[in-house]
Every structure is written in structure tokens, then in C-alpha cells.
Amino acid sequence: MKQKATRFLLLSTSLLLGSCSWFNNAEDIYDESETSSSEQVSSSASDETSENPQSSQSSSTAEVAPALTVANYFPMIEGYQAVFEGDGNEYAGFSRTYDYIEDDTIYMRTNNGGTSVLELVEVTEDAVRVVYTQPEFYAHEKIDAAALIDPENTETLLEAPIALGHSWETGLGTTREITAIGVPMSTQNDLYDTIEVTEDTGDFVNKEYYAAGVGLVYASSESTDPDAPYTVVQDLAELSTEGWAEPVSVYYPVTKDEYTQASESVNITTNDDMTAAFTSLFQSENDSRPQLLPADAAIQSLTTETNEETFEKTLYVDFSSGIIALADDEWGMQKLNSIMASSKSYYNADHIEPRIDGDPIEIDGLVGLNEANPVFEIPESVMNASMIEE
């Protein structure tokens, strides 16, 4: 399961990056958004390669960025997806999406190839703060984190005023400072006019470059140990505001006892509900992959709950009554297994409880769950299915 397989990756990434660790100092890779300095977003990387931020920096004479607030440097953009290429560490590169935007909060999900992390980022005119972080979070899912947020355990990424020399406490025992304004930064995606934010953690000096209307466009982290020089850089390579293709591993029956996995995707954007996307995905078919969900059926809700004591995650899937048509399908049990396995895998859940119009699922000849026994047991032969080589 992803939760177990990536725990070591998450820890080793934090150790390797030191002060620019994945979520202990998420500011290294934290900010981004909308249009470039030329007021256009490029969705593909140009032929330009990123320059050393020191060599691309011109001396700044401005002390205050004109008429710009903190929120301009961390804009809340619907459809936001960015890809940063990294150098200096296996997990330096990452992709990021703004899954949900609600009031002054961004649900920001970042995947570095080793793990995926959700961060709730509060954006106001006065400051940008990370108010909640959840590691090993793989799905486009809106959680109710209000009860989880600890006001005493936040991290301030940016703070007003946007003025040269302005510094603030991050909340993690370090100080950040605006060390330059009007820095031209060339990335693989575009040339941006940026501010430079510097943080000295003792072991590393971290520098981040933010462009108004865009967010983070470049970051570097350099070791302060002269005997162990070490630098990690992260360079904006692709930026889009048109949504993204969300990857989903879908399980399919090959025979009555054999299954396979295929890497599929659904097109979604900020604030989208995954119920419609999953319904469409499971109702699609092609020459080699069958339709799993009956045409008259629909997924009505997808919700999760994590046990506070065991930390086990349960996925609740509610179907419309049309799913009972699987009772008349020769492959009904195999298709039901495939739907359950695909859903459970995407949400990285430990258990799945399917329902029909709110009641535990019952389909004649296939399954009969009840309130005393609501968990659907997926055969190991399904969960261990091999991936199709595309």
C-alpha cells in the first residue's frame, strides 16, 4: 500500500534536503500561480534553461514593490498546475495542483515522485501561511481540516510589507527576509520579475523567487558546510491554468480469476467533484478494456474518514440504484471487484464501504453487506494485479 511503501521515501527526502525538506520547510517549493511577467501563462517549457539566481540578479534600488501586496505574490488561481524541474536531489522536482480554493484557503497538493503532500495555505493581504500539512495524501479530495488546524503550529511563508529588508519569524524557529526586489529570473517557462526571499536555517541558506501574479518560480537551497557543499534547485518548467489530467490506476478483469491494472486519467480542475469523473471513467470502454459501471448507475459521493487511534483510512462510496444491474451481468462480480479496487487504490484507503442510496450495498448473487458488516473485502488476486505495459 502507498501509505507503507512511501513512508521511508518521505523520511529520506526530508533528511536529504535538510532545511529544504519536503514538508518541514515546504516554503522551498511552496508558492506559485497565475500569469507570467508578460501577463501570459505558458503551458509548456521553452528552450531556455534556468540561470543561477545570483548571476541573473540585478542590483535592486527599489525598497518597496510598487502597489503590490503579499497576495499578489501567491495568487489563488483556479485550474493551477505547475511542474518544477529539480537538480541536486532525486526528489527535487515536483508537480503541484490547487485542488480546491475556499474563501482564503488553497488546498495545495504536491507530488515529488516519492510521495504526495497536502498543504492548506491561507492567503491574505498581510501574510501567506501554511496552516495544515498532511503527508501521504494522493487524491483530489477536500478534507474537513478545521478541527485539525493548530493556530500555534503554522508557518509564515510571506509577510507584508513587500519591502526590501523586511523580515519575519516563520513559526518554525527561523527568520525569513526579503533580500531583493526587481530580480529578473529566467526559468525554463519564462522570464519573470521577482522578489527574493532568503532564510538561513544554520545548515542551509534557502532562497525563493516569487513573481507577482504567478507565485514561486525558482528556489535554491545551499549547504553552509564548506566541507560538504550541496545545492538543490527547483525551476518552473511548465505552468497551466486550464486544469490537469489526474492519474488513476484502474483494475480490469482479464478472466474470471485474473485481473490487470491500467494507468488511466481524468481531466479535472480546481473545485471539481471526483464523483462525476469516476462515474465517467468506470463507464468508459475500449477494445481491450470493458465498461465496469452500468450506464444507468452513478457514483453519488466519495468520502473518507481516518481513525484517530489506528490511523486507518476508510473510503465510503455511495452508488445510485443502477448498480444492481451488475446482478444480470456475466462479469458482474469481477466488475464490482474492479470498481472497489480502483477506488480504494486511488484514495490510498485501508478499507472501503460501498453503499446504495446510503444503505450498505446489496446486489443479488454478488454481495450482501449490512451495518454490522459494511466493509467490502477485495480479493488479493485483484489488489496484486500487474500493471499493463503501455
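Two strands pair if DSSP finds at least two bridges between them. Strands (E, at least two residues) and helices (H or I, at least four) are DSSP runs, numbered from the N terminus. The model is predicted: local features need pLDDT of at least 70, side-chain atom pairs count only at pLDDT 80 or more, and totals for chains, interfaces and linings use all residues. Residues are numbered from 1 along each chain as its sequence is written, and side-chain values use heavy atoms, without hydrogens or water.

**View 1. An open sheet of four strands.** The order is E15-E16-E17-E18, with mixed pairing. Strands E15 (299-306) and E18 (359-360) are the edges, each pairing on one side only. E18 pairs with E17 (residues 351-356) in the antiparallel sense over two bridges. Arg355 stands opposite Pro360 in E18.

**View 2. Helix H4 on the sheet.** H4 (residues 332-346) lies across E16 (313-319) and E17. The helix runs at about 125° to E17. Axes are lines fitted to C-alpha atoms, for helices over the stretch in contact (heavy atoms within 4.5 Å); angles run from 0 to 180 degrees between N-to-C directions.

**View 3. Around Phe282.** Beyond neighbours within four places in sequence, the contacts of Phe282 include Val250, Leu292, Ile299 and Ile339.
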